[in-house]
Amino acid sequence: MVKILSTRSVLSTSVVLLASIPLIYVLINSGQLSIPQWSNLWSARLPGLLWNTLTLAILVAIGSFVLGVSSAWLITRREFIGRRVATWLMILPLTIPTYVFAHIYTSLTESSGWLGQLWTMIFGPEIQNPELYNVFGVAFVLSIAGFSYVFLLVSDALTRSRVDIEEAARLHGLNSRQVFWRISLPMLRPAIAAGLALVVLHVLSDFGAVSMLRYQTFTLSIYLQMSGRFDLQAAAGLSLVLVLLSLTFLILERFFRDRQRYYSAAQAQRMKRRPASKTEMVLIWSWLGGITLFAFALPVTWMLAWSWEAWQLDLITEEFWGYVKNSISISVAAATFATIAALPVALFHARLRNKISQSYLHMASIGFVLPGPVIALGILSFVLSTLPFIYGTIIVLVLAMLIRFLPLAVQAQEASVQQLSPSIEEAGRSLGASPWENLRRVTIPVLRTGLVSAWVLVFIDTLKELPATLLLRPTGFDTLPVRIWIEASEEMLELAAPAALMLMLGTLPVLWFLMRQHDASTR
Amino acid sequence: MKRGIISLIIMWSMLAVQIGVAQAEELVVYSGRSDKFVKPVVKAFTEKTDIKVTLHAGSSTALLNKLKLEGKRSRADLYISNDAGNLQKGADLGLFKPMKDDLIKVIPANYRAKDNSWVGLSARARVLVVSTKDNSADFVKSVFDLADPRLKGKLGITHSGNESYIAGVTVYMRANDDKKVKDWLAGMKSNVNGSVFNKHSKIVKAVASGKKSIGLVNHYYVFRHLDKKPDAPIKIVMPDQSNDGMGVAWNVAGAAIAKQSKNSAAAEKFIAFMVSEAGQKLFAEVNREYPTRDGIPTAKNVPARSSYKVADVPMRDLGTYRNATLDVIEAVGMP
């Protein structure tokens, strides 16, 4: 018993240390900033950046809330034709990275683009078609790219929620609107908070969309400081402020999530979906169809149209399949190692459940609060100073992905670790299983769902990862996101489109797998 | 079955890591220029010398930063930039190995670093693209006229992060005083009213379609557009050509040998190829830039360099005064 505990603690401590490399880097570098430099940074940059970043975060939170909660509510509470398809349509936007959305919508809204032409047709050439290079454009892109997280968590909570309370409220004379605002919505608060926190964290660390749309958030400004002006200390200083900002959000989210226990403790009554009337069905589908049009159908049509062009021009060469292979290899490797690395941390917490194990969980989440370019920089300088012989190999890239997406793996496993009561493991031991056998035959099977989700989530995010890959990839090792980035910045639409299409197609099977498992567990 | 899949996945992960470790010996080029312009040159070089070249593409600035961070661990042998600013910056940071004079003496001295640590390969001119359909911008004779309030809503410029844009402003700052440049930027800022372009090609498109009357771009974007649409109602105007005018701002794209390169012999061969007549012709053709080597003809229709006045600012200034330029741009708050 003591022996396992120590193995776990040693392993999880080393994982946590690994995960904190970028933070240590930021602390060391920002520590070198003098007081005048800090005050200069404070007065010249921070107010503008804070304003830009926070308004964007709030707008995206509102956008994702409206899209995510409305669609989740309709799909879980009404029975209508094509309901299963609708669930899929709401999560498919996750297969498209933010920078692809940004790129597609800038070319669609140009005066010669599909939407631009439509605009001119309707409003005439005098009225300038709207541009995306402002806070609303960025908020639009990040909302359609991120609302699926809110949808997933809220529809999950709605499926499990206690209908009996709602019925009781109805019996006491509340109408359905009152029931929604006064009963259902407050009960959904933890799920909404978790979903929105996820969306906001993505906004804070987004690099691709904001740099394509040139909207100065913390992350973009940090990147420009380090790569345009070579000012690593100012970049680290800004990163530190960003970390504090993100931590505030995380703490808020934990605060809301901890309340969840009060609601889902009792045995929930099975929820029945009310069949939708014909009019309702039309309304439901026009809402969900509208969301799908912008968040999936239009971008995919664009990708298909330009990929067809590329196919016709014979641009899909052997090199292209090389990028596909690189992308898949790195994603498989990162997903596997991150899942393995997250296991001791999750198990350690399952066993101890104290302040230390809790803080380990937080420390493992560093990848979420630091922007990709900073993580890459931290790892670069760590590797160069301590392990120079692995520099330039793919190991460094895998390490970066592992650290960046470890929080996903840990969170996915933490959920299923909750089900692993110490008594189950003790039963195994008392029946004579060795620690190793116990892990293999008792612990892992219980954790299977969590392990699979962890693997899939890290796989999807690594497949889409851009900023750290740009800096750390071995020479000549181009992945699909890197190619999209390069081709898009050169306006080679017919080359960017097939890469974006392959990214989407690559994500589909694993997403399908995740959803199937998700369905099985909520059924 | 299931265990089979899992072990397959783990094996693949190991394999992926393995593949990355095994790398062949070859020339590694950090290239900040578009693949489509560099690839023809690389291809011709490999055919001629049998030396394999791996292109590592990215933005010039980001790649220079990478080179600096990597230090002696970098695998780069050569650095190619689309902007003299980055080249001089790299030279100032001591990232390059000065080349022998013999190697690059065919290129005039004002297109090279003082210590030969980089060499300019092709030059581009900052010109005005003007609509031939409306005459509202016909009064513009100098880039400084772009701040004139008569051009409100009619001016197309790129966002201020663009390397060519920054380099242009540096030239204007070296040829004039800071105050004049600041006022000029402020005037343009009010003329564009927050709406700038992310690509030079889009400025040309906007002028051709009549959405804008005038734009500030690199010369080859205009020709690229005319290639596709020969009848487009646009023309090139060379600014600042009056007797006391400063002349057109130039910028060069160029190359340098990375200091830590263990392949300098092969790297020198690549440089030699790029400054050779054959290499210079390729540069002139693929992107209609001005070859920096004397005596190589420019592409068809491109105004000969002797036909107009060029601002007398050494290319290395584009690096030395880059941060000062960024400070001015940021102080004005250019979008």
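**View 1. Burial and overall dimensions of chain B.** In this predicted model, 51% of the 335 residues of chain B count as buried. The chain is built from 13 helices and nine strands, and its C-alpha atoms fill a box of roughly 70 × 60 × 40 Å when the box is taken along the principal axes. A compact globule with 335 residues would have a radius of gyration near 20 Å, and the 22 Å of chain B agrees with that expectation. Among the contacts in chain B with a separation of 6 or more, 77% are accounted for by residues 24 or more positions apart.

**View 2. The two domains of chain B and the contact between them.** The domain assignment divides chain B into domain 1, made of 23–123 + 252–303, and domain 2, made of 124–249 + 322–332. The C-alpha centres of domain 1 of chain B and domain 2 of chain B are 28 Å apart, and the contact takes 14 residues from domain 1 of chain B and 11 residues from domain 2 of chain B. On the side of domain 1 of chain B that touches domain 2 of chain B, the elements that give two or more residues are helix 3 (60–70) and helix 4 (84–92) of chain B, and helix 4 of chain B gives the most, with three residues. Sorted by class, this side of domain 1 of chain B has four nonpolar, six polar and four charged residues.

**View 3. Helix 3 and helix 4 of chain B, packed against each other.** The axes of helix 3 of chain B and helix 4 of chain B come within 10 Å and cross at roughly 10°. Because angles under 35 degrees count as roughly parallel, helix 3 of chain B and helix 4 of chain B are described as roughly parallel to each other.

**View 4. The contact between chain B and chain A.** The contact takes 37 residues from chain B and 31 residues from chain A. On the side of chain B that touches chain A, at least two residues each are supplied by helix 1 (2–21), strand 2 (53–57), helix 3 and helix 13 (322–332) of chain B, and the largest share, nine residues, comes from helix 1 of chain B. The residues of this side of chain B divide into 13 nonpolar, 16 polar and eight charged.

**View 5. Helix 12 and helix 19 of chain A.** Helix 12 (residues 218–228) of chain A packs with helix 19 (residues 372–386) of chain A at an angle of about 40°, their axes lying 9 Å apart. That angle makes helix 12 of chain A oblique to helix 19 of chain A. The residues that make the contact are Ile222(A), Tyr223(A) and Met226(A) from helix 12 of chain A, together with Pro373(A), Val374(A) and Leu377(A) from helix 19 of chain A. By class, the residues of this contact of helix 12 of chain A with helix 19 of chain A are six nonpolar, no polar and no charged.

**View 6. Val140(B), a buried loop residue.** Val140(B) has its place in the loop between strand 4 (119–131) and strand 5 (155–156) of chain B. Val140(B) has 20 C-beta neighbours inside 10 Å and therefore counts as buried, since the cut-off for burial is 20 or more. Not counting residues up to four places away in sequence, Val140(B) touches Leu128(B), Asp145(B), Leu146(B) and Ile214(B). Asp115(B), 25 residues apart from Val140(B) along the chain, has its C-alpha atom separated by 39 Å from that of Val140(B).

View 7. Asp314(A), although not a glycine, has a positive phi of about 65°, and its place is in the loop between helix 15 (278–312) and helix 16 (318–352) of chain A. With 7 C-beta neighbours inside 10 Å, Asp314(A) counts as exposed. In chain B, Asp50(B) lies in the loop between helix 2 (35–49) and strand 2, and its phi is near 70°, a positive value in a residue other than glycine. Asp50(B) counts as exposed, with 7 C-beta neighbours inside 10 Å.

How values were computed:
Residues are numbered from 1 along each chain as its sequence is written. Chains are lettered from A and ligands numbered from 1 in the order in which they are written. This is a predicted model: local features need pLDDT of at least 70, side-chain atom pairs count only at pLDDT 80 or more; totals for chains, interfaces and linings use all residues. Axes are lines fitted to C-alpha atoms, for helices over the stretch in contact, and angles run from 0 to 180 degrees between N-to-C directions. Helices (H or I, at least four residues) and strands (E, at least two) are DSSP runs, numbered from the N terminus. Angles under 35 degrees count as roughly parallel, over 145 as roughly antiparallel, 65 to 115 as roughly perpendicular and the rest as oblique. Two residues are in contact if their C-beta atoms, placed from the backbone, lie within 7 Å. Ala, Val, Leu, Ile, Met, Phe, Trp, Tyr, Cys and Pro count as nonpolar, Asp, Glu, Lys and Arg as charged, and the others, Gly among them, as polar. Domain bounds come from an automatic or database domain assignment. The radius of gyration is taken over C-alpha atoms; the globule rule is 2.2 Å times the number of residues to the power 0.38. A residue is buried if 20 or more other C-beta atoms lie within 10 Å of its own, exposed if 12 or fewer, and partly exposed in between; C-beta atoms are placed from the backbone.
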